[in-house]
Amino acid sequence: MTPILQLDNISKQFPGVKALDNVRFEMNTGEVHALLGENGAGKSTLIKIISGVYKPDSGVMRFDGQPVVFNNPREAQSKGIATIYQELSLYPELTVAENIFMGHAPKRSIGPLKVIDWKTINERAVELLASLHIYDMDVRRKVGSLNVGNRQRVEIAKALSINARVLIMDEPTAALTESDVEQLFQIVRLLKERNVGIIYISHRLQEVFELADRVTVLRDGQYVDTRPVSETSEENLISMMVGRTIDNLFPKLPAAPGKPVLEVRNLNHAPLTKNVSFKVHAGEIVGIAGLVGSGRSELAQVIFGMTPAQSGEILIEGQRADIRSPGQAVKMGIAYVPEDRGTQGLIKQMNIRENASMAVLRSLSRASFIKFGEERKLAKESIEQLSIRAYSPEQIVNKLSGGNQQKVVISKWLASKPRLLIMDEPTRGIDVGAKSEIHRLMSELAVKHGLAVLMISSELPEVLGMSDRVLVMREGQIVAEFDRAEATQEKVATAMMSSGQKAAVTA
Amino acid sequence: MTATPLPKIAANSTAAPTWTRRLRSIIFSQEGILAIGIILLLVVMSLGFERFRAPRNLLDIFQANAYIAVAAVGMSILIISGNIDISVGSLVGVLAILSGTMVTSGFPAWVSWIVPIIVGGIVGAVNGFFVAYLRIPSIVVTLGMSSILKGSLIIVLGGTTIYNMPTDFFLAQQAWLGIPSPIWFMIIATVVGALWMRYSATGRAIYAVGGNAEAARLSGINSQRTTMTAFIINGVMVGICSVMYATQFNSIQASVPPGLELQVITSAVVGGVSILGGTGTVIGSTLATILLRAILSSMVFLSVSPYWLKSVQGVLILVTVLVDILRRRRVNRQ
Amino acid sequence: MAVSETSTPSALAGQNLLGRFFRKEVVLFIILVVGVLLLSTQTDKFLTVDNILNQGRLLTEVMLLALPMTYIIITGGIDLSVGSILGLTAITLGYTWQNLGLPLEVAIVVAIAIATLAGFVNGLFIVRLGVPPLIMTLATLALYRGLAEGISQARSVRGYPEWFFELGQRNLLGIPTQLWIAVISVIIAGIVLSRTTFGRSLYAIGNNELGARFSGIPVNRYKLLIYTFSGFMAGIAGWIFVSRVSTTRSDMGTGLELDVVAAVVLGGTSIFGGSGTIVGTVIGAVLIQLLKNGLALSGVKGDATIVVIGIVLIGSILINNFIQRRSGQTT
């Protein structure tokens with residue numbers, strides 16, 4: 001039997017990054033095929049190629065044995081390839097039934113008129129949901145009033161309504177509660193019985209073992225291996241995913257931690273910051289590891305005042321700090337390089353000068369008049385100090401490469417002369433050269449300038465390479481702490497992913 | 001090797017709502033609340049004032065703003081598509097004069113009714129073209145269009161008034177089956193609009209484009225053509241509104257009815273159409289128009305100066321929007 | 001690293017220069033000059049000192065309202081209630097003076113305070129409850145006008161003392177008194193927008209509100225401030241309006257918000273927010289007023305001149321879109 005989907009030698013290059021390099025993938029009907037890899041390993045790019053969002057630079061994709069080229073998602077859908085996106089693509093103000101059939105609603109004729117057949121839509125929506133063993137959903141309800149789990153079920157029903165033969169699920173359990181996850185598994189098994197092929201992406205290894213038949217692992221845009229799940233183990237998969245040697249990319253200098261700069265005690269902000277307590281000392285880099293959705297960025301945003309703490313204490317150099325807004329956090333000497341450069345870190349339409357001075361405009365002004373000379377000087381210094389590749393401080397940030405954009409964000413916060421620097425995914429989506437520059441800078445800031453650095457990263461080698469101490473978060477809590485010496489990929493990964501029970505991972 | 005067929009399941013499984021739940025969802029919809037508001041107001045006022053319950057007065061409540069309700073149907077559709085038109089007042093001024101001028105220059109009455117409606121559709125198409133294909137925001141396009149129309153009106157006629165129309169011209173003064181024609185037009189426009197928005201593929205596409213343009217694109221919906229359609233329908237509705245406006249009195253002033261676009265937008269918003277697009281119905285806007293007229297009439301009987309009406313309008317918009325925001329917050333918290 | 005730069009610096013710089021030459025303000029200024037020259041050939045009454053100064057007098061109210069409107073539109077908002085606030089100011093002024101017997105000086109202060117409060121209420125709802133600015137100010141467009149009509153019962157107030165007309169009808173140092181206020185306001189507003197931390201923050205908010213928050217900019221406070229400022233300026237404009245026309249009526253300023261928005265948008269401020277200048281707004285407002293006046297003097301019937309405004313408004317945006325696409329500024 002030929003595989004329903006077969007990809008050979010697929011490569012895809014983005015400016016500065018080779019996202020996929022000669023990757024293979026194949027799957028059969030009625031198979032649940034897990035796709036594993038760290039963030040940035042190329043999973044998203046691969047599924048975007050399968051679902052028609054991107055076109056590969058080279059390589060062949062076969063569907064049912066026939067070579068296919070998709071110019072847009074619509075063409076992939078018409079072949080029966082449906083995707084459940086992480087950001088759900090539903091219409092919140094329309095009903096469940098209508099969402100399922102949007103764009104291909106059944107019609108009936110009244111004389112010369114073709115009208116939408118609501119009776120059939122509602123009936124078929126009920127049937128579709130029933131075929132997924134969902135009996136408790138009112139198909140006339142607005143999707144906006146459903147919870148995340150139910151919205152996802154609507155998405156799945158929508159995929160089935162176009163007779164999907166391949167269903168791509170990208171981190172489907174990331175936002176679900178325990179009972180929703182169980183229901184989702186049942187649906188997946190049901191679809192499998194119905195000969196739908198399912199590409200299943202998840203960071204939770206336990207799910208892979210529970211659901212998948214085979215697993216393909218990607219690492220740094222390259223194909224590692226495909227194996228039947230029965231012939232592998234959790235340790236095995238983790239070492240395949242992270243098994244990169246920790247090379248000399250990260251010139252970490254030896255640290256001599258000083259006094260505590262940041263101390264948080266029993267910090268809470270529902271739902272993803274639960275009773276968090278830890279310290280960061282001057283001159284020290286503390287890494288926070290954890291899966292997407294484990295509450296790392298949420299914790300950072302509580303400390304930074306974006307979502308002020310509901311209870312608990314934050315102490316800066318031993319003094320209690322009541323931080324209710326980012327402005328107050330900046331005054332306390334906290335800087336936050338956020339996770340999403342484009343929407344949080346930068347004003348992309350503005351130039352380097354304006355971005356670099358954004359957090360320190362007050363100190364660059366007299367009676368709130370901006371001293372343009374000093375602003376320009378700051379921008380020039382930033383460009384020089386961080387070797388930002390730009391022809392002038394007046395260059396619009398949007399036109400810089402990812403690595404240089406990130407350097408602008410960092411320079412903005414260094415200008416504020418912080419005591420505590422929080423860096424959330426500091427090297428996501430930037431090329432290797434810029435990556436190692438940022439790592440060197442981080443190390444120097446901590447050791448030579450005595451900054452306390454709190455680093456959040458999904459890349460284990462980065463966490464292990466850079467951190468003096470590693471905290472592991474899961475479901476809003478800190479579940480493990482390792483010293484630099486004792487932290488290994490396997491230990492940290494196990495603490496990150498370990499299954500449900502808050503077991504004794506604490507070292 | 002295809003997917004196995006889906007098992008047949010009775011459509012009325014446990015998922016189907018009971019009739020009490022459906023009734024409750026109708027009553028607590030924006031339309032339900034407006035309808036109850038109108039009925040309560042009419043009943044209470046009728047009990048209190050004999051002259052209020054006189055058929056003439058009750059009829060007037062439904063008739064007087066019927067032309068606004070027709071334009072509000074178009075506006076609702078346009079706002080649902082994610083756009084807005086602030087040139088309605090100027091367009092009504094121009095089309096009304098066009099209609100009057102045609103009939104006094106010897107065209108038959110029916111031609112003088114049809115042509116302004118067609119011209120309304122064409123103006124809508126022009127607006128739609130600028131918005132859909134040249135990507136200028138609708139508020140700017142229709143702001144410009146408003147100036148152009150208002151100015152043209154004055155260039156052509158310079159504040160004159162048209163008299164001496166033939167008697168068969170006064171469409172809005174006729175009555176069929178004892179019911180004044182504007183009420184017929186209001187009902188027909190509302191019912192046809194509601195059915196079209198509910199049962200036509202284009203109607204649903206308008207909801208989709210206004211609600212989530214990106215998802216609409218993925219569903220294969222042509223958003224540019226959909227936007228054009230919404231503008232053209234709005235133009236046609238404004239055309240019908242203009243003919244009723246032109247034929248309601250024995251003279252037509254060559255001026256722009258002041259604040260008309262505001263009344264029309266108010267009707268749409270109070271009727272439950274979200275200014276952000278993607279939600280609302282045309283029935284709500286018609287009910288809102290009637291409610292506003294009923295409030296005005298009640299104010300007169302209660303000896304409240306009608307000069308407070310605009311404040312009431314403003315408060316109604318605010319209350320509608322705030323209730324909507326609170327409702328959304330509650331849903332999000334769940 | 002070098003691979004990530006696609007264009008050479010010099011090419012980018014050249015592109016930028018072209019874009020800068022065709023800045024919206026420059027395009028508009030050229031239109032303005034050409035328009036004035038053309039009109040002055042049509043009638044010799046147009047390009048005279050007297051006429052120009054008189055046009056300045058008529059322009060003042062729109063100009064004053066256009067300044068805060070520029071700020072608001074730069075942040076991605078809009079304020080449709082300014083005409084109504086102006087009317088409410090006029091009525092408050094006349095009513096507290098004539099019916100409540102306050103001294104006229106006090107009445108003026110009370111009226112402007114009410115206007116400021118009206119703007120503050122707009123801002124409060126927009127910032128605290130997240131009501132979209134378009135709908136909030138649409139509601140208060142009706143509400144504030146309704147208050148003006150309700151309080152006054154559509155009766156006008158006349159008989160102000162002579163000194164009150166000093167502002168709206170007399171000259172100071174040979175120039176219409178209110179024009180001084182307009183010019184000073186324009187200069188201050190321009191400097192604040194282009195040179196202060198506050199002005200810079202408005203651009204940041206309009207381009208990326210979330211990013212501005214993450215940079216520690218007090219977004220909510222600034223937004224509240226500009227809507228309040230808008231109310232305050234509508235108050236000043238209302239005072240000048242009453243002084244200019246000698247009487248107070250509740251329909252004063254009806255539809256003015258559209259003239260103001262037209263001036264701002266014509267002046268190159270993007271309705272989506274993020275860009276715009278006071279210079280552009282001034283040129284936009286002056287262009288509208290002079291075109292109206294020049295055409296009227298050339299024999300075009302009264303308000304008919306607004307046709308040209310509509311065409312110029314849409315045309316200038318089309319031209320700008322075209323130029324931006326050509327110079328590759330949009331992505």
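I count a residue as buried if 20 or more other C-beta atoms lie within 10 Å of its own. The model is predicted, and I read every entry below with that in mind.

**Helix 8, chain B**

I started with helix 8 of chain B, residues 181-199. Its 19 residues reach 26 Å from first C-alpha to last, close to the 27 Å expected at 1.5 Å a residue. Which of its residues are buried? I listed Pro182(B), Phe185(B), Met186(B), Ala189(B), Thr190(B), Gly193(B) and Met197(B). They cover an arc of only 125 degrees around the axis, which puts them on the same side of helix 8 of chain B. The general rule is that an α-helix has 3.6 residues a turn, so residues three or four places apart point the same way.

I then looked up what these buried residues pack against. Their partners in chain B include helix 3 (55-63), helix 4 (66-80) and strand 3 (179-180). Helix 9 (201-211), helix 11 (223-246) and helix 13 (282-301) of chain B are also among them.

**Helix 13, chain B**

I followed one of those partners. Helix 13 of chain B has 20 residues and reaches 29 Å between its end C-alpha atoms, close to the expected 28 Å. I found this helix mostly covered, with 15 of its 20 residues buried. Ser303(B) follows helix 13 of chain B and has a positive phi, near 60 degrees.

**Contact between chains B and C**

Next I looked up the contact of chain B with chain C. How many residues does each chain bring? Chain B gives 41 residues and chain C gives 39. On the chain B side, helix 7 (138-157), helix 12 (260-270) and helix 14 (309-333) each supply at least two residues. Helix 7 of chain B gives the most, with 14 residues. I sorted the chain B side by class: 28 residues are nonpolar, 11 polar and 2 charged.

**Chain A overall**

I moved to chain A and noted 17 helices and 24 strands. Its radius of gyration is 25 Å, close to the 23 Å that the globule rule gives for 507 residues, so chain A is as compact as a globular protein of that length. Its C-alpha atoms fill a box of roughly 75 × 55 × 45 Å along the principal axes. Buried residues make up 51% of the 507. Of the contacts in chain A with a separation of 6 or more, 69% are between residues 24 or more positions apart.

**Strand 23, chain A**

Is strand 23 of chain A, residues 469-474, enclosed or open? I found 6 of its 6 residues buried, so the strand is largely enclosed by the rest of the structure. Arg469(A), Leu471(A) and Met473(A) point one way. Val470(A), Val472(A) and Arg474(A) point the other way, and all are buried. In a regular strand the side chains alternate between the two faces of the sheet.

I checked its neighbours. Strand 15 (residues 285-290) of chain A runs parallel to strand 23 of chain A, joined by 5 bridges. Here Val470(A) is the bridge partner of Gly287(A). Strand 24 (residues 477-483) of chain A runs antiparallel to strand 23 of chain A, with 6 bridges. In strand 24 of chain A, Phe482(A) stands opposite Val470(A). Strands 23 and 24 of chain A form a hairpin with 2 residues between them. In the turn, Glu475(A) has a positive phi of about 50 degrees.

**Helix 14, chain A**

My last entry is helix 14 of chain A, residues 402-414. Its 13 residues reach 18 Å, close to the 18 Å expected. I found 13 of the 13 buried, so helix 14 of chain A is largely enclosed by the rest of the structure.

Technical notes:
Residues numbered from 1 in each chain as written. Chains lettered and ligands numbered in written order. Predicted model: local features only at pLDDT ≥ 70, side-chain atom pairs only at ≥ 80, totals over all residues. Helix = DSSP H or I, 4+ residues; strand = E, 2+ residues; numbered from the N terminus. Rg over C-alpha atoms; globule rule 2.2 N^0.38 Å. Buried ≥ 20, exposed ≤ 12 C-beta atoms within 10 Å, placed from the backbone. Contact = placed C-beta atoms within 7 Å. Expected span 1.5 Å × (residues − 1). Arc of directions from axis to C-beta. Nonpolar A, V, L, I, M, F, W, Y, C, P; charged D, E, K, R; others polar. Pairing = 2+ DSSP bridges.
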